[in-house]
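Have a look at the structure first, then run through the notes below.

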Amino acid sequence: MSAEAIEERLAGVPVYALSNGEKFVLVSGTNTGKNLGLFCFSEADAETLLKHMKSVDPSMSSGSQVVAVALSKIFQLDVDGVALRLMPEASQIRNALMERKNAGISDESFAGVPVFQSKSLILRSQNKRYRPVFFRKEDLEKSLSRASNDQKQFNPSLRRGDIQVAVLEDIIQGMKDSSVSTWDDVVFIPPGFDVSTDPSRQY
């Protein structure tokens, strides 16, 4: 996929950064000496980070605040000497580890930003099929439940083991790799949103 097509898929997903009005606030790595640009998927996490930084460094200006940025912009950033880090919600890391455990994979940690999908949930638009990928497991479960209600029948998709966990960074790398087309049909659903499979309420 082209960089523009990938950015278009990511444009509707907000992440939250610390800003002093003119630029992003960077965190210095104590061991590495590198500067980190941190981007949180939860506004509350970003607010907590800001409070912590102000308590550690009282010289941080009172103008420092949390700002929302489109995820697509993060992948456009290329700043010398700055490592960009996406900070997933802790609850979603726990969800990802639990789903992997249910699938028979015992991991103690999760590298990257977890995203959730289900083979049972497909969106159709203009004769094309899309796989919705969620940043929160709860949003996927809500969408599966809504799909079940839309179909007016019990949806077997809600059985254990039907939710798959992937890594956001791996999906984006797969989209960039022209020899791999397995992620071309993915649409990213922002945190807090669910989707409908009912054509009259199409997302």
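Phe24 counts as partly exposed, because its relative accessibility is 31%, and buried would mean under 20%. Keep in mind that this is a predicted model.

**Around Phe24 and Ser19**
- Phe24 sits in the loop between E1 and strand E2 (27–28).
- Together with Leu26 and Leu77, Phe24 makes a nonpolar surface patch of about 210 Å².
- Ser19, for its part, belongs to strand E1 and is buried, at a relative accessible area of 8%.
- Skipping neighbours within four places in sequence, Ser19 touches Phe24, along with Val25, Gly63, Ser64, Gln65 and Val67.

**The largest nonpolar core**
- This core has 23 residues, and the ones with the most contacts inside it are Phe41, Leu71, Leu86, Phe135, Leu168, Ile171 and Phe188.
- Two or more residues come from each of helix H1 (3–10), strand E1 (14–19), helix H3 (71–76), helix H6 (168–176) and strand E10 (186–189).
- H6 gives the largest share of this core, with four residues.
- Both domain 1 (7–87) and domain 2 (90–189) supply at least three residues to this core.

**Phe188 up close**
- If you leave out residues up to four places away in sequence, Phe188 is in contact with Arg9, Leu10, Val13, Val133, Phe135, Leu168, Ile171 and Met175.

**A separate core**

Terms used: Residues numbered from 1 in each chain as written. Predicted model: local features only at pLDDT ≥ 70, side-chain atom pairs only at ≥ 80, totals over all residues. Heavy atoms only, no water. Core = buried A, V, L, I, M, F, W, Y, C linked by side-chain atoms within 4.5 Å. Buried < 20%, exposed > 50% of the residue type's maximum accessible area, 1.4 Å probe, protein only. Domains from an automatic or database assignment. Contact = heavy atoms within 4.5 Å. Patch = residues over 30% accessible without salt bridge, like charges linked within 9 Å, V, L, I, M, F, W, Y side chains within 5 Å. Areas by Shrake-Rupley, 256 points an atom, 1.4 Å probe, with all protein chains shown as cover. Salt bridge = Lys/Arg side-chain N within 4 Å of Asp/Glu carboxyl O.
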